[in-house]
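Reader: I would like to go through this complex by question and answer. Please show the sequence and structure, then take the points one at a time.

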Amino acid sequence: MSDIVTDTRPIIELQNVSVGYDGDEVLKNVSLSLQAGDFTFVTGKSGAGKTTLLSMLYLIKKPYKGILNVFGNNINFSNRDSLALMRQRIGVVFQDFRLLEHLSVYDNIALPLRVRGMNEKEIYKRVVELLRWIEMHKSIYKTCSTLSGGEKQRVAIARAVINRPDILFADEPTGSVDAEIADKLMRLFVELNKVGTTIVIATHNELLTSTYNYQRIDLSGGTAKLYPALQKI
Amino acid sequence: MHRELMRKNEIPTDDEETSVFVCVLSSIYMYLFIIVLAIVMAINTMVKSWEKDILGAITIQVSPIEDENKKIDVDKTQEQLNKVLQFMENAKGVKSVHVIDEKTVERLMTPWLGNKVDINTLPIPQLLDVQLKENAEINYDEMTRGLHKVTSNASIDNHRLWLNRLLKFAGSLKTLALSVLCMVIGICAFSIYYSTRTSLGINMNSIEILHIIGAQDNYIAKQYAKSYAKIGFFSGIIGLIFAIPSIVLVSKYGISTGSGLLNSAGLSTGHWLLMMITPLFSLLYAMGTAYYTVRKSLEKMC
């Protein structure tokens with residue numbers, strides 16, 4: 001008999017959660033849970049609440065009501081500092097990249113490590129390694145405002161994965177890139193998922209969800225429904 | 001190390017116009033702060049000097065004795081003076097007694113009587129300058145009674161009455177200066193508070209990104225504190241550069257007026273050193289205010 005006790009609690013759990021903007025509920029009484037290592041698409045039409053759901057899951061937005069557990073912590077009872085510590089275990093990729101444009105490529109990617117208080121020598125090692133992987137080591141000290149859309153996308157992804165997050169959220173990651181880069185990006189997410197990272201991607205790209213057979217949360221009319229991945233015959 | 005030094009602030013507060021505005025404003029405040037601080041210190045020195053010099057001495061006035069023809073009886077007057085001198089030399093708490101010579105009395109009287117009057121013909125009292133021992137507790141009533149036993153023509157002027165008025169005036173001046181000092185510090189805090197709030201609004205996007213990647217409020221507040229520490233230090237230096245010539249000029253003017261009272265209002269080396277470290281105070285003050293403002297604002301914002 002094994003002595004190892006595995007934590008079977010979901011990595012994310014929502015119980016009757018309502019969330020929205022300025023008092024208007026975009027999502028009402030949503031209940032669902034995601035296990036560690038899951039790969040999940042969040043789908044729905046524009047305005048269905050994909051970004052709202054994601055911003056709540058990466059702990060920037062608080063639910064109006066209901067219980068949201070992330071990493072086993074009820075965020076209603078978490079203070080600002082412990083929320084920040086939880087966010088350090090999360091990576092986020094945005095459609096509009098959201099880089100700090102006045103900083104260099106290096107400084108943008110180093111940001112999550114600096115926030116964690118890592119020493120500069122270790123940061124340099126990790127950033128350079130990652131820059132080689134995304135083939136941008138020659139642009140290390142370029143300011144982000146001078147980069148092309150594709151380069152910014154790569155920097156944004158590097159920033160999201162540099163601290164080896166437990167969960168990676170991506171909001172319409174393929175929305176502003178061509179099909180070839182979108183495919184590369186998806187293969188990267190699949191690889192990250194294989195090494196244990198929980199991936200949650202918000203998209204309205206049906207081709208993407210049909211090409212990659214993973215579970216799907218569909219948002220419609222303020223409700224959320226979880227569809228499991230199709231069984232292979 | 002090199003990368004750490006070259007590292008840009010993640011929140012671009014240094015490039016904002018509000019920072020320049022705060023720097024200019026803080027420099028003016030620091031200039032005023034140093035000037036008022038110098039005034040407060042000068043008043044303190046002046047008051048201490050007055051207390052030491054004036055309260056450490058008393059003056060005895062001995063009126064001359066006149067004969068039947070209303071003329072000064074020199075022998076009797078001298079005899080009376082010797083008695084008073086002897087009494088005062090033996091009095092408790094007295095360090096030394098000396099008679100103020102005629103030339104000095106003449107010089108003191110010149111502003112009122114002019115040069116052409118022979119003061120020997122006037123019934124001007126003779127003056128005795130009595131220096132007291134340090135921290136001596138003098139019973140002036142007892143001393144006056146003893147002196148009256150020697151002669152009824154002698155009286156004591158212990159300077160306390162007019163000095164108390166002067167001290168009250170100096171105290172009011174000091175209170176006024178301290179109020180100005182507090183006001184300058186308060187206005188400076190408000191300026192930093194509002195410019196920090198404005199900057200937080202302008203940089204909301206950067207702050208949200210930092211929050212998303214897991215930055216604690218402390219991390220963001222430290223960035224602002226670092227930026228405002230620079231502003232505070234440079235404001236202090238600029239304020240000091242402008243304040244020192246002003247203080248030196250005023251000091252020189254004060255001395256050149258020849259007023260004995262103002263002459264005692266000098267600044268010591270310690271005072272100058274205190275003024276020299278005001279940029280450090282300014283740095284800490286700006287840094288602390290910015291840090292506190294950011295922490296409080298972020299708690300309310302998100």
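Reader: In which helix of chain A is the place of Lys184(A)?
Author: This is a predicted model, in which local features need pLDDT of at least 70, side-chain atom pairs count only at pLDDT 80 or more, and totals for chains, interfaces and linings use all residues. Residues are numbered from 1 along each chain as its sequence is written, while chains are lettered from A and ligands numbered from 1 in the order in which they are written. Helices (H or I, at least four residues) and strands (E, at least two) are DSSP runs, numbered from the N terminus. On that count, residues 179–194 of chain A, with Lys184(A) among them, make up helix 6.

Reader: How far apart in space are Lys184(A) and Met136(A)?
Author: In sequence, 48 residues separate Lys184(A) and Met136(A). Taken C-alpha to C-alpha, their distance in space is 15 Å.

Reader: What is the strand order of the six-strand sheet in chain A?
Author: Two strands pair if DSSP finds at least two bridges between them. The six strands form an open sheet with mixed pairing. Strand 6 (90–93) and strand 10 (223–227) of chain A each have a single partner strand, so they stand at the edges. The order is 6-7-8-3-9-10.

Reader: Which residue stands opposite Phe169(A) in strand 8 of chain A?
Author: Strand 7 (residues 167–171) and strand 8 (residues 198–202) of chain A pair in the parallel sense, over five bridges. The residue opposite Phe169(A) is Val200(A).

Reader: Which residue in strand 7 of chain A stands opposite Ile90(A)?
Author: Strand 6 of chain A runs parallel to strand 7 of chain A, and four bridges join them. Both faces of strand 6 of chain A are covered, with Ile90(A) and Val92(A) buried on one side and Gly91(A) and Val93(A) buried on the other. Opposite Ile90(A) stands Ile167(A).

Reader: At what angle does helix 1 of chain A run to strand 8 of chain A?
Author: Two residues are in contact if their C-beta atoms, placed from the backbone, lie within 7 Å. Axes are lines fitted to C-alpha atoms, for helices over the stretch in contact, and angles run from 0 to 180 degrees between N-to-C directions. Helix 1 of chain A lies across strand 3 (39–44), strand 7, strand 8 and strand 9 (215–220) of chain A. Its angle to strand 8 of chain A is about 150°.

Reader: And what angle does helix 1 of chain A make with strand 1 of chain A?
Author: Helix 1 (residues 50–57) of chain A also lies across strand 1 (12–21), strand 2 and strand 4 of chain A. Four strands of chain A form an open antiparallel sheet in the order 2-1-4-5. The angle between helix 1 and strand 1 of chain A is about 125°.

Reader: Which residue is the bridge partner of Asn69(A) in strand 5 of chain A?
Author: Strand 4 (residues 65–70) and strand 5 of chain A run antiparallel, joined by two bridges. Strand 5 (73–74) of chain A has a single partner strand, so one side of strand 5 is left without a neighbour in the sheet. The partner of Asn69(A) is Asn74(A).

Reader: What is the radius of gyration of chain A?
Author: The radius is taken over C-alpha atoms, and the globule rule is 2.2 Å times the number of residues to the power 0.38. For 233 residues a compact globule would have a radius near 17 Å, which agrees with the value for chain A, 18 Å.

Reader: Which helix of chain A gives the most to the side of chain A that touches chain B?
Author: The contact takes 19 residues from chain A and 16 residues from chain B. Helix 2 (80–87), helix 3 (105–115) and helix 4 (120–133) of chain A each supply at least two residues of the chain A side. With five residues, the one that gives the most is helix 2.

Reader: In chain B, where is confidence lowest?
Author: pLDDT is the predictor's confidence in each residue, from 0 to 100. Chain B averages a pLDDT of 85, and 92% of the residues score at least 70. Confidence in chain B is highest in helix 11 (residues 278–301), at 94. The lowest mean, 54, belongs to helix 9 (residues 260–263) of chain B.

Conventions
Buried ≥ 20, exposed ≤ 12 C-beta atoms within 10 Å, placed from the backbone.
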